[in-house]
Amino acid sequence: VKWWRNYKELKPTKDESGLPSFAIELIASYLDITLGVEENIEEGIIRFFQFISNSTFPVIKFPNALNEIPEFDTPIFIADPTNNENNAVKKMTNSKWLEIKEEANNAWEALNIAQSKNFEGDTVEEWKHVFGPSFTINVEE
């Protein structure tokens, strides 16, 4: 997913908010905790993009973390797993979040199309739309 973030230029910079690596890891962890671990990486990645692009994104917090979620003015809140007061996306702007959601929805749609393809080459082409032209797969036998 971090490849997607980098390819789509959604990484935070010193001048602009973006989707930090830590936030990606926390979202994936939250999904595993709340929905269970997916059986394969493809389904896990698709679930991630579907979750991000959903119209209602929840406040993400973790059990046993210190403190409570404070009032916040960011479009989303992803708590640090050790302290609910710390927002891992505190620099997120509404415009950047809308861009991330749109790109996540595009990725989700492309990967769903990829699952319907009959040939490996066609499937890989859809994945390249998400992760970039250098994306490849290695089939283990």
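User: What should I know before we start?
Analyst: This is a predicted model, in which local features need pLDDT of at least 70 and side-chain atom pairs count only at pLDDT 80 or more, while totals for chains, interfaces and linings use all residues. Residues are numbered from 1 along each chain as its sequence is written, and side-chain values use heavy atoms, with hydrogens and water left out.

User: At what angle do H2 and H3 cross?
Analyst: The axes of helix H2 (residues 21-35) and helix H3 (residues 41-53) cross at roughly 100° and come within 11 Å. H2 is therefore roughly perpendicular to H3. Helices (H or I, at least four residues) and strands (E, at least two) are DSSP runs, numbered from the N terminus. Axes are lines fitted to C-alpha atoms, for helices over the stretch in contact, and angles run from 0 to 180 degrees between N-to-C directions. Angles under 35 degrees count as roughly parallel, over 145 as roughly antiparallel, 65 to 115 as roughly perpendicular and the rest as oblique.

User: Which residues make that contact?
Analyst: H2 contributes Ile24, Ile27, Ala28, Tyr30, Leu31, Asp32 and Leu35, and H3 contributes Arg47, Phe48, Phe51 and Ile52. Contact means heavy atoms within 4.5 Å. These residues divide into nine nonpolar, no polar and two charged. Here Ala, Val, Leu, Ile, Met, Phe, Trp, Tyr, Cys and Pro count as nonpolar, Asp, Glu, Lys and Arg as charged, and the others, Gly among them, as polar.

User: And how do H4 and H5 pack?
Analyst: Their axes are 8 Å apart, at an angle of about 170°, so H4 and H5 are roughly antiparallel to each other. Ala107, Ala110, Leu111, Ile113 and Ala114 of H4 meet Thr123, Glu126, Trp127 and Val130 of H5. That contact has seven nonpolar residues, one polar and one charged.

User: What span should H4 have?
Analyst: At 1.5 Å a residue, the 23 residues of H4 should span 33 Å, and its end C-alpha atoms are 33 Å apart, which agrees. The expected span is 1.5 Å times one less than the number of residues.

User: Which residues of H5 are buried?
Analyst: They are Val124, Glu126, Trp127, Val130 and Phe131. They cover an arc of only 160° around the axis, which puts them on the same side of H5. The arc is that of the directions from the helix axis to the C-beta atoms. Buried means under 20% relative accessible area, exposed over 50%, and partly exposed in between (1.4 Å probe, protein chains only).

User: What covers them?
Analyst: The cover includes helix H1 (2-7), H3 and helix H4 (94-116).

User: Switching to the loop between H3 and H4: is Asn84 buried or exposed?
Analyst: Asn84, which is found in that loop, is buried, with a relative accessible area of 5%. Among the residues that Asn84 touches, not counting residues up to four places away in sequence, are Lys61, Phe62, Asn67 and Phe77.

User: What about Asn64, buried or exposed?
Analyst: Asn64 lies in the loop between H3 and H4 and is exposed, with a relative accessible area of 80%. Phi of Asn64 is near 70°, a positive value in a residue other than glycine. Most residues other than glycine have a negative phi.

User: And what is phi for Asn67?
Analyst: Asn67 has a positive phi of about 65° although it is not a glycine. Asn67 counts as partly exposed, at 38% relative accessibility.
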